[in-house]
Amino acid sequence: MQSHRVIEHSAMTVEDTNTAYILVCLALVQLMTPGLAFFYGGLVKESSVLTMMMQVFVPMGVISILWYVVLFSLCFGETLHFLGDPGTYIFAMNVNTNEALVREGEIFVDGIPGTLFMAYQGMFAVITPALMTGAFANRFRFKPYVIFIVLWMILVYAPFCHWVWGGGWMAEWGVWDFAGGIVVHITAGFSALATILIVGKREVAEGEDLDEPHNIPFVALGTALLWWRPKDFAGLERGWDQSDATRESTGWLLASNQSAGLLHPTNQPAGGCLQPTNQLAGCVQTTNQLIGCLQATEQLSGCLQKTKQLQPAT
């Protein structure tokens, strides 16, 4: 999601449709955190469920406080090349509820209130360190884990977020990150790899099998909650870049449901992606109907066979 495009102060500020849409997106992103807790909690052994779910939920409190105090400013404050200026939005200063986010006297994010943008971005900040917990399950105590995620957010997440989403040098080079592929997933993935290289291998008792998840329904529930993820990001960016924000964002909301791959090549209008997608959906529906007919035919054939078996011999 890009936010570094600066426009004239007299341009669009806050629109009800954009605000309502981003409120829904915020709720969907927040829903991913408990979804991740169920997903990871179901994959680990039974004795580790509480620890795993706690490590996923803890950032909701710790990172939210850090985000309010200084982290949002480090990500989206006036650029200091490597980081944002911590004094720009410290303690949510200059972030208004009824006005768009303003930076250096110009609108930085138009169409939605500044507090809503801050809260929406905060949900990404919350779930990013939680993504790493599955890599080092059972190998972190609580206090070191809290210290680790606080330092990681300041030293790793904040610079990348500012470079890409906050108008830093990567944004100036034309880098686009619609769904957090760089800011969230690349940073969390490589950091998880580096972390397990430091903490070492997991201690396994003789005869213990760690590859068998203890609760498959938890995994399925977590997957279902995380499946909401592609539905809210791409439309947001298209909505801010086009005059008809709601229609564009709604179009991308529907299109992204068909394939996560549509999130990145986003230079085409939404209608161009929706047309082949609708055709594909039509083919899928026809195929499902054909499968249903075949199944009904098989059931009818089975009934006929049973009927013949039940007929008395003459």
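At what angle do H2 and H4 pack, and how far apart are their axes? In this predicted model, the two helices pack at about 40 degrees, with their axes 10 Å apart. Axes here are lines fitted to C-alpha atoms, for helices over the stretch in contact, and angles run from 0 to 180 degrees between N-to-C directions. H2 and H4 therefore count as oblique, the label left over once angles under 35 degrees are called roughly parallel, over 145 roughly antiparallel and 65 to 115 roughly perpendicular. Helices (H or I, at least four residues) and strands (E, at least two) are DSSP runs, numbered from the N terminus.

A word on ground rules: residues are numbered from 1 along each chain as its sequence is written, and side-chain values use heavy atoms, with hydrogens and water left out. As the model is predicted, local features need pLDDT of at least 70 and side-chain atom pairs count only at pLDDT 80 or more, while totals for chains, interfaces and linings use all residues.

Back to H2 and H4: Met54, Val58, Ile63 and Trp67 are among the H2 residues that meet H4, whose side of the contact (heavy atoms within 4.5 Å) includes Phe142, Ile149, Met153 and Tyr157.

H2 also packs against H3, this time at about 125 degrees and with the axes 8 Å apart, so this pair is oblique too. Among the residues making the contact are Pro59, Met60, Trp67 and Phe72 of H2, together with Phe117, Met118, Gln121 and Ala125 of H3. H3 itself covers residues 114–131 and reaches 27 Å from its first C-alpha to its last. That is close to the 26 Å expected, taking 1.5 Å times one less than the number of residues.

Elsewhere, H1 and H7 (residues 216–226) pack at about 155 degrees, with their axes 7 Å apart. They are therefore roughly antiparallel.
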